[in-house]
Amino acid sequence: MASPLVIAVDCSTTAAKAIVVDATGALVGTGAQALDTQTPAPHWFEQHAPDWWAATDGAVQQALGEIDDRSAVTAICVTHQRETFVCLDADEQPIRPAILWMDGRADAEARRYGTQRVELLSGKPADITPGLYKLLWLRDHEPDTMARCHRVTDVHTYLTHAMTGRWVSSTASVDPLALIDQATGDYSDELLALAGLHRAQLPDLVPAGASLGPLRPDVSDRWGLRPDTVVVAGTGDGQAAGLGLAVTDPGAAYLVLGTAVVIGSETTSYLPSRAYRSMISAMPGQTTAETFSSSGTYLPTWFRTEFGDPELAGAPDPRLERDAAALPVGSERLLTLPYWNGAQTPHWNSQASGITLGWQGCHTKAHFYRSLLEGIAFELRMQLDGLEAARGGRVDVIRAMGGGARSPLWTQILADVFDRPLEVCASGEVSALGAAAIALTAIGHFGSIPEAAAALARTDTVVEPRVAEAAEYARLRALYQRLYTETHDLLHSLHDLGRHDDTRGEQR
């Protein structure tokens with residue numbers, strides 16, 4: 001009997017990607033379609049929800065075009081950009097563009113409504129990222145949108161409805177909106193009341209891995225698949241990345257080096273803490289604890305765009321990497337606080353901004369570049385320490401993925417700062433592979449999601465920490481940890497000064 005095949009879709013911020021995977025984790029088909037993001041105002045990020053389906057449809061058809069026997073495909077599972085949502089009218093059409101996870105318009109709402117009670121229920125420290133605060137922004141700034149809103153759907157719900165006709169999603173996919181009570185796994189009446197929503201406006205909830213039914217006949221016909229191909233409830237791209245790296249127990253962690261950077265690990269119960277944000281896990285009875293910083297690969301890309309080779313347009317620069325790698329640990333006493341997009345874990349302070357301390361005439365752009373990479377690494381080590389202290393127990397295994405994992409310089413800095421080996425998966429669609437693990441478990445090929453994840457995960461290389469460099473970074477971390485504390489008030493004053501100037505400009 002031929003090995004079953006499953007389709008895994010990762011509808012991320014920049015593209016919809018599809019892979020066809022066999023039971024060993026081998027990719028037998030791949031496809032991708034780019035997504036456009038609009039910025040109609042500073043710090044606003046929006047997409048057209050129909051593009052999610054058009055890109056997914058194109059990516060799946062592209063991936064299926066690379067396999068010989070489509071009848072072997074038995075299931076499809078979706079992972080997706082989290083916190084992003086769209087409001088639909090009674091005709092199931094978008095009322096306005098979807099608001100993305102990285103959209104910053106709800107800063108005031110996060111500070112006003114992000115009480116300890118809201119944080120305890122949702123498991124998410126107040127920040128601009130959760131959908132709840134953007135829903136509150138819509139309530140206060142676009143009341144007509146919310147008056148016409150018949151449904152609020154995350155990306156997973158939107159795509160699986162296009163596939164099945166059902167308005168249903170997994171708890172792990174909807175949870176990032178911050179409308180679910182972490183203790184019960186069901187919608188919180190308090191959080192719904194705060195947002196001005198009722199349950200009928202939201203998708204029905206099922207566990208990750210549950211069957212959502214077969215593909216709609218028009219979809220299965222267009223894709224050339226069997227009519228009984230099942231759609232399996234997936235999870236958000238962060239939790240799925242953990243599965244794609246076989247991070248399924250508290251002793252391991254995944255490190256996502258993407259536009260934002262995330263450290264995630266599993267807990268066997270809900271343990272609320274501001275040292276991380278809690279997400280409902282794809283694995284029954286577990287919670288995914290994640291640290292979060294929005295200045296990930298965004299920051300080195302920003303540097304290369306503004307100060308690097310203009311012909312590269314922000315793309316990785318081998319010469320810059322080489323020059324930065326030749327510099328000593330600490331960038332010759334140049335220290336950077338990487339809060340270009342505010343501070344998230346553990347400060348959750350949208351009024352914070354970036355600082356580079358120690359400039360001297362000997363410093364070059366390579367020093368600055370390396371200092372940015374080191375600053376993000378210091379921040380991640382501080383977050384890991386906080387996660388371990390709040391949750392209890394050491395993380396012994398760290399597995400890294402994402403665009404930043406392709407940089408030998410950055411991965412070595414991270415291994416030295418963490419002072420433990422870094423297992424790197426620099427290639428492949430790791431989040432989609434996690435969705436494939438869920439699908440293969442759902443069709444019964446594996447007995448559990450951890451078993452499937454272990455069978456599918458791949459490691460490209462292991463970066464070992466260097467003894468002398470790790471010791472030097474430990475000394476520098478002591479200074480780094482003082483940098484935010486001792487400039488906190490100055491950063492707030494600077495932020496408020498900027499708001500005052502903006503107000504005067506509006507009056508003029």
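Two strands count as paired if DSSP finds at least two bridges between them. With that in hand, here are some exercises on this predicted model.

**Exercise 1. Work out the strand order of the open six-stranded sheet, and find which strands stand at its edges.**

Solution. 
- Step 1: Follow the pairings across the sheet. They give the order E3-E2-E1-E5-E14-E13, and the pairing is mixed.
- Step 2: Look for strands with a single partner.
- Step 3: Ignoring direction, neighbouring strands are turned by 20 degrees against each other on average.

**Exercise 2. Describe how E1 and E2 pair, and which helices pack over them.**

Solution. 
- Step 1: E1 (residues 5-11) and E2 (residues 15-21) are antiparallel partners, joined over six bridges. Ala-8 faces Ile-19 of E2.
- Step 2: Helix H1 (residues 49-64) lies across E1, E2, E3 and E5 (73-80), and runs at about 150 degrees to E3.
- Step 3: H15 also packs on the sheet, where it touches E1, E2, E3, E5 and E14 (230-236). The direction of H15 makes about 140 degrees with that of E1.

**Exercise 3. Characterise the second largest pocket by its volume, its lining and the elements that supply it.**

Solution. 
- Step 1: The volume is about 1,000 Å³.
- Step 2: The lining has 43 residues; Leu-257, Gly-258, Thr-259, Gly-402 and Gly-403 lie nearest the centre.
- Step 3: Sorted by class, the lining holds 16 nonpolar, 17 polar and 10 charged residues.
- Step 4: Among the elements giving at least two lining residues each are H10 (237-244), E15 (252-257) and H15 (430-442).

**Exercise 4. Find the cis peptide bond that ends at Pro-346 and say where that proline lies.**

Solution. 
- Step 1: The bond from Thr-345 to Pro-346 is cis, with omega near -5 degrees.
- Step 2: Pro-346 belongs to the loop between E19 (335-337) and E20 (355-357).

Methods. Residues are numbered from 1 along each chain as its sequence is written. This is a predicted model: local features need pLDDT of at least 70, side-chain atom pairs count only at pLDDT 80 or more; totals for chains, interfaces and linings use all residues. Side-chain values use heavy atoms; hydrogens and water are left out. On a 1 Å grid over the protein atoms alone, a cavity is a set of points where a 1.4 Å probe fits but cannot get out, and a pocket is an open set with protein on both sides within 12 Å along at least five of seven lines; lining residues have an atom within 4 Å of a point. Grid points are joined across faces, edges and corners, and a volume is the space filled by probe spheres set on the points. Helices (H or I, at least four residues) and strands (E, at least two) are DSSP runs, numbered from the N terminus. Ala, Val, Leu, Ile, Met, Phe, Trp, Tyr, Cys and Pro count as nonpolar, Asp, Glu, Lys and Arg as charged, and the others, Gly among them, as polar. Axes are lines fitted to C-alpha atoms, for helices over the stretch in contact, and angles run from 0 to 180 degrees between N-to-C directions. Contact means heavy atoms within 4.5 Å.
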